[in-house]
Amino acid sequence: MSRIDMLKQFPFTFSVESPALNHTFPSPRCFLLESFKLHQKGLWKSECICDPEVTSVKDLSKTTDWSMGSALCPCTEPEHNVSTPLTSWKDYYRWRSLPLQSPVAVLLHWPLTLYHCVQLSHLQTSKYDSQDTLCIHYLGPEKELYQLAVFGELRALFPGVRIYIELVGPAVPKSRDGELVTISNYAHCCDESCFCKSSIGSKDLSCSAVTFKLRKGLYHERYSDIVKDSKPHLIVAANAGIAAYPSWISTIEIIRKVGIPAIFTDFCEEAAHLASSCIASITGQPLRVPLAVHPIRQA
């Protein structure tokens, strides 16, 4: 709590003073979404608790619409590639020519976290291998499964690179275990005349597509099957809760054994400190990447 002033420093102007909570808007987030007419729409559905169907649905819906105008969302190619690494939301919004009033950061923290993890791991984005492919094993996805379209932004962050992501976790529906999902364009805006709706704007650019493979189960239980298809350059787990779930012990032991760089985020600083202690006790060594506040964190 002593760092609350630093933690709440964001450049955005979309903060909304919430009225008294009621049955219509049971949380401040619901009220924020409604202020943009996004409450219970498309990619934003799983951002609140109003629709229980979102968390119990058997099949993942491939929603691809931002449900907002082109001026507020990144629905087409950027004007230019990233010239220097992005280190903040302000950098990202400036690069994508987005107004700070846009709430897209609420969803884009998923792909921007992956981007930040790649920077932290010091991977050379120009040549991951002879095929210009970046392979990431992403552990414990939950809400992300219903927002896959936002990961299309990785195409802009890593131009010309094929992104292959293994999504591994208990929340993957059994009926979708082993399924491939390819994102070859950006999530669309709601402007009918926008370039993102054209055949050229939605063209399948296989040289910079994002491909997911869904795997149900715990990473250490599925690892032998997964590495038959893909060997990762990086392992990432968002909001991992390492100290809260003993099942992480076997997964961390596997990661230590194979020696692949792995980066974890957690919900709050205390959880991160506990996770750091757990990892160190399992691996017998301190973290290589120091514990730090994520600069492009959830808005």
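Leu7 lies in helix H1, which covers residues 4–7. The model described here is predicted. With a relative accessible area of 32%, Leu7 is partly exposed, because this class lies between the limits of 20% for buried and 50% for exposed residues. When residues up to four places away in sequence are not counted, Leu7 touches Val293 and Arg297.

Helix H9 is formed by residues 269–283, 15 residues in total. From the first C-alpha to the last, H9 reaches 21 Å, which is close to the 21 Å expected at 1.5 Å a residue. Four residues of H9, namely Ala271, Ala272, Ala275 and Ile279, are buried. Seen down the axis of H9, these buried residues fall within an arc of 95°, and they therefore line one face of the helix. The partners of this buried set are helix H8 (248–258) and strand S6 (262–264), against which the buried residues of H9 pack. Exposed residues are found on the face of H9 turned away from the buried side, where Glu270, Ser277 and Ser281 are carried.

The residue that follows H9 is Gly284. The phi angle of Gly284 is positive, with a value near 75°.

Methods. Residues are numbered from 1 along each chain as its sequence is written. This is a predicted model: local features need pLDDT of at least 70, side-chain atom pairs count only at pLDDT 80 or more; totals for chains, interfaces and linings use all residues. Side-chain values use heavy atoms; hydrogens and water are left out. Helices (H or I, at least four residues) and strands (E, at least two) are DSSP runs, numbered from the N terminus. The expected span of a helix is 1.5 Å times one less than its number of residues. Buried means under 20% relative accessible area, exposed over 50%, partly exposed in between (1.4 Å probe, protein chains only). The arc is that of the directions from the helix axis to the C-beta atoms. Contact means heavy atoms within 4.5 Å.
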